[in-house]
Amino acid sequence: MAFAVEEIPDADDLYRSISGGLSADDRWSFEIGRPHSGAFVPDPDGVSMDWARYRAPRARLKSTTLAVVAITAGRCRSFGARVVHAPVQEGEPYGPNQAHALVQNPAGLPRSDQKLLRARIAEEARIVVPPGWQDETDTARVA
Amino acid sequence: MSAPPAYLDQEASTRALLVSAPNTRKPPPQVPSFVVVPWAVVAGTVIEAPPERLRRTAPSGPFDQGIQQLGWVGDGRVSQTAEAKLSRLSQLQPNWDGEEAPAIASAAITAARRALYFVGALVRPQEEPRIVPLANGELQLDRHAPDRSLEVEHMGGTWAIVGIKRGATPEFFSAEVPSGDEAALVRYFDWFELRAERWPSR
């Protein structure tokens, strides 16, 4: 059965998996303990996030995942972004993923404001799974 | 001949000083070919433009006061570390991040090298901006400290700039400059490095 598209409430968390740089500090500023705004560069249809209602933050951890951060849908909207539920159906690339959501720039937003929006999200995102989580897992396994 | 950079027209007094007074600081660095811009003709001699910082001849403003505080000025060159990273980034193949990122655009590499060259005259080598490859094939240069951040992203022919000043309530600033206008871009790095109160206006 296909996933329905729902309205994401302002209070609900969106998770962003941080990954993809050549090194950890390509995506994370360790001086200030948060991701770069460059970690929120959108795909053509927006920045992919996971809606907390349908997926726990550790559910999609991969060996290449640096960290996972969270921000509420309402906070993203307060910065001027559109937040839409965009579930990925069975058989589609990267599917199925009922939690998939997109944070999108409003149409016609100047480049500097696009950058500002990403920087605001990066600045306010809460760390849910910190960099170095693999070490924690190893320690727990040994213990 | 190329037109002189716009900022020279805004600094006629500085230009007059440059023409009439010897430079008492260190000589300008060897300027690589990508920034050799004939900018003035004095008595039939073409003078090539060094980075804006090195054209100053006497303490005259916030930049010079800041340099005095720093007690050091860079030589305007791109560090070997940065050159090595740019070289590595220029050779990345599509899907370098495992998530379908395109190769890094050559225009972004060139723009970053030019920007680092000009910014390099202000900062100590260890404070050179970090070069960050982005999933859209562009590059970001950034500087972070607990009290403020500067993130500068190359987008097509433009640098999109964001500054964050942290306090009880963080303040956010943004700007855009054409990717060839390093004189304008460097003013935003000044804002970060010198902890300037006012965000530069264009």
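Predicted model: local features only at pLDDT ≥ 70, side-chain atom pairs only at ≥ 80, totals over all residues.
**Notebook: chains A and B**

I began with the contacts inside chain B (contact means heavy atoms within 4.5 Å): of those with a separation of 6 or more, 55% are between residues 24 or more positions apart. Residues are numbered from 1 along each chain as its sequence is written, chains are lettered from A and ligands numbered from 1 in the order in which they are written, and side-chain values use heavy atoms, with hydrogens and water left out.

**Chain B, overall**

I listed the elements next, and chain B has seven helices and seven strands. Both kinds are DSSP runs numbered from the N terminus: helices are H or I with at least four residues, strands are E with at least two. From the N terminus on, I read α-α-β-β-α-α-α-α-β-β-β-β-β-α. I also looked up burial: 50% of the 202 residues of chain B count as buried (under 20% relative accessible area; exposed is over 50%, partly exposed in between, with a 1.4 Å probe and protein chains only).

**The sheet in chain B**

I followed an open sheet of five strands in chain B, with the order E3-E4-E5-E6-E7 and antiparallel pairing. Two strands pair if DSSP finds at least two bridges between them. Strand E3 (130–133) and strand E7 (171–178) of chain B are at the edges with a single partner strand each, so each has one side without a neighbour in the sheet. The twist averages 20° from one strand to the next. Angles here run from 0 to 180 degrees between N-to-C directions, and the axes are lines fitted to C-alpha atoms, for helices over the stretch in contact.

What packs on this sheet from chain A? I found helix H2 (residues 111–124) of chain A, which touches E4, E5, strand E6 (158–165) and E7 of chain B; its direction makes about 145° with that of E7(B). From chain B, helix H5 (residues 80–90) lies across E3 and E4, running at about 10° to E3(B).

I zoomed in on one pair: strand E4 (residues 139–144) and strand E5 (residues 148–155) of chain B run antiparallel and are joined by five bridges. B:His144 has B:Ser149 as its bridge partner in E5(B).

**Helix H7 of chain B**

I checked the length of H7 (residues 182–193) of chain B. At 1.5 Å a residue, its 12 residues should span 16 Å, and the end C-alpha atoms are 16 Å apart, so the two agree. The expected span is 1.5 Å times one less than the number of residues. H7(B) is mostly covered, with 11 of its 12 residues buried; among them are B:Leu185, B:Tyr188 and B:Trp191. After H7(B) comes B:Arg195, which has a positive phi near 50°.

**Where A meets B**

I counted 26 residues from chain A and 36 residues from chain B in the contact. About 2600 Å² is buried between the chains, with carbon and sulfur atoms giving 53% (accessible area, 1.4 Å probe, that two parts lose on being put together, summed over both). On the chain A side, A:Leu22, A:Arg111 and A:Lys115 lose the most area to chain B, together 25% of what that side buries.

How many salt bridges cross the interface? I get seven, by the rule of a side-chain nitrogen of Lys or Arg within 4 Å of a carboxyl oxygen of Asp or Glu. I also noted a salt bridge between the side chains of B:Arg130 and A:Glu31, at 3.3 Å, N to O.
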